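Open the model in your viewer and keep the sequence panel beside it. The stops below are given in the order in which to select them.

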Amino acid sequence: MLILVTNDDGIHSHGIQTLAKRLIPLGQVVVAPDRERSAVGHSLTLHSPLRAEQISPDWFAVDGTPTDCVNLGIHGLLAARPDLVVSGINRGGNMGDDITYSGTVSAAMEATLMGVPAFAVSLEGESFQAEDFRVAADFAADLAERLLNRRLPPDTFLNVNVPARQVRGVRLTRQGRRRYGDVVVENIDPRGRKYYWLGGGELGFQDLEGTDFHAVCRGYISVTPLHLDLTNYRSFETLVRWDLQESHPEPSAEG
Ligand code: MN
């Protein structure tokens, strides 16, 4: 068995170090960004070369994004196709709308696009010392073993979020919603010019039963099955009544 381990906090972060060590008995190779690449989403490096430095037999540091790492791992660096991709453990939760910005989640998404089973794992909380990641690493190892022995439904990967406090159990959840507030901080730099800082404010979330946020803030590990199809099927019913096809009529047979 071969597990490709990646993240978006960089190869030297405690989260990936703790996770990778815990996965050694299952067989792992780390291909991760050489520095922090949080919130790069699903971006891919297409206009500059990528370099991978082999820092130890099973560890490769790449000067690219998490998505680059999954690509490079599967198509270039690994001796064999991985049986599983695990991304994390991220410093901070990846829940609700935040998922779309997340490099951690995007790495798992990329693996799914390539037909390799995958999950992302993130730790909610404020303290991110090496020992803080232990519970999440244990859960990830258990989940990895399950995924190596079972088959996920098609087009599906898992997004795992682990609470910081004492874990009370595990919940299968759906993606929640953030409550957006004043997320842009405006200030003046030392040279007297205005600058802006995104995401500076404290963000809340809608505390809806069954969601990732709801589970994690009550001490449960949240497992959300995600898929790549972003189509909003429920909207068809409304949109078919817009008669969009009539706004640009197809040319008639006579031309
Ligand atoms: Mn991160």
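Select Lys-194 and look for its contacts beyond four places in sequence: they are Glu-186, Asn-187 and Ile-188. The model you are viewing is a predicted one. Lys-194 lies in strand S11, which covers residues 194–198. Ile-11 and Lys-194 are 183 residues apart along the chain, and their C-alpha atoms are separated by 34 Å.

Next, go to helix H1, residues 14–23. Colour Gly-15, Ile-16, Thr-18, Leu-19, Ala-20 and Leu-23, which are buried. What do the buried residues of H1 pack against? Show strands S1 (3–6), S2 (28–33), S4 (59–62) and S5 (84–91), together with helix H4; these are the elements they pack against.

Stay with strand S5 and pick Ser-87, which is part of it. Is Ser-87 buried or exposed? It is buried, with a relative accessible area of 0%. Leaving out neighbours within four places in sequence, the residues in contact with Ser-87 are Thr-6, Asn-7, Thr-104, Ala-107, Ala-108, Phe-119, Ala-120 and Val-121.

The crossing of H2 past H3 is right-handed. To see where the two helices meet, show Pro-66, Thr-67, Val-70 and Asn-71 on the H2 side, and Gly-103, Ser-106, Ala-107, Glu-110 and Ala-111 on the H3 side. Sorted by class, this contact has four nonpolar, four polar and one charged residues.

Zoom in on Ser-106, in helix H3. Ser-106 is buried, with a relative accessible area of 2%. Apart from neighbours within four places in sequence, Ser-106 is in contact with Gly-41, His-42 and Thr-67.

The last stop is helix H4, residues 134–149. How far does H4 reach from its first C-alpha to its last? The 16 residues of H4 reach 23 Å, close to the 22 Å expected at 1.5 Å a residue. Finish by colouring the buried residues of H4: Ala-136, Ala-137, Phe-139, Ala-140, Ala-141, Leu-143, Ala-144, Leu-147 and Leu-148.

Key:
Residues are numbered from 1 along each chain as its sequence is written. This is a predicted model: local features need pLDDT of at least 70, side-chain atom pairs count only at pLDDT 80 or more; totals for chains, interfaces and linings use all residues. Side-chain values use heavy atoms; hydrogens and water are left out. A crossing is left-handed if the near helix is turned anticlockwise from the far one by less than a right angle, and right-handed if clockwise. Helices (H or I, at least four residues) and strands (E, at least two) are DSSP runs, numbered from the N terminus. Contact means heavy atoms within 4.5 Å. Ala, Val, Leu, Ile, Met, Phe, Trp, Tyr, Cys and Pro count as nonpolar, Asp, Glu, Lys and Arg as charged, and the others, Gly among them, as polar. The expected span of a helix is 1.5 Å times one less than its number of residues. Buried means under 20% relative accessible area, exposed over 50%, partly exposed in between (1.4 Å probe, protein chains only).
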